[in-house]
Amino acid sequence: MHVNLDTLQAAYSKAALLVIEDPVYLPVFERIEREIALFKNQGDTIQRAKAIARR
């Protein structure tokens, strides 16, 4: 299964609704939150590497 930022953000929204209904879903919500941050950071790192390579 391929995960992209859109998929993570959709899951994040759904998890937020679940947390409101039952806090038992909080670990899932937090995990998705971390995955989104990692995904964005990875993109930033790749962009920095490309910028350095172009020099």
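Author: A crossing is left-handed if the near helix is turned anticlockwise from the far one by less than a right angle. In this predicted model, the crossing of helices α1 and α2 is left-handed.

Reader: Which residues make the contact between the two helices?

Author: On α1 the contact is made by L5, L8, Q9, A11, Y12, A15, A16 and V19. On α2 it is made by L26, F29, I32, E33, E35, I36, F39 and K40. These residues divide into twelve nonpolar, one polar and three charged.

Reader: Why are α1 and α2 called roughly antiparallel?

Author: Helix α1 spans residues 5-21 and helix α2 spans residues 26-54; they pack at an angle of about 155°, with their axes 9 Å apart. Angles over 145 degrees count as roughly antiparallel, and α1 and α2 are therefore described in that way.

Reader: What makes the pair R31 and E35 a salt bridge?

Author: The definition asks for a side-chain nitrogen of Lys or Arg within 4 Å of a carboxyl oxygen of Asp or Glu. In R31 and E35 the closest N and O atoms are 2.9 Å apart, so the pair meets this cut-off. The structure holds one salt bridge.

Reader: Where do R31 and E35 lie?

Author: Both lie in helix α2, four residues apart, which is about one turn of the helix.

Reader: Why does R31 count as partly exposed?

Author: Partly exposed lies between the limits of under 20% for buried and over 50% for exposed. The relative accessibility of R31 is 46%, so R31 counts as partly exposed. E35, at 28%, therefore counts as partly exposed as well.

Technical notes
Residues numbered from 1 in each chain as written. Predicted model: local features only at pLDDT ≥ 70, side-chain atom pairs only at ≥ 80, totals over all residues. Heavy atoms only, no water. Axes fitted to C-alpha atoms, helices over the stretch in contact; angles between N-to-C directions. Parallel < 35°, antiparallel > 145°, perpendicular 65-115°, else oblique. Contact = heavy atoms within 4.5 Å. Nonpolar A, V, L, I, M, F, W, Y, C, P; charged D, E, K, R; others polar. Buried < 20%, exposed > 50% of the residue type's maximum accessible area, 1.4 Å probe, protein only.
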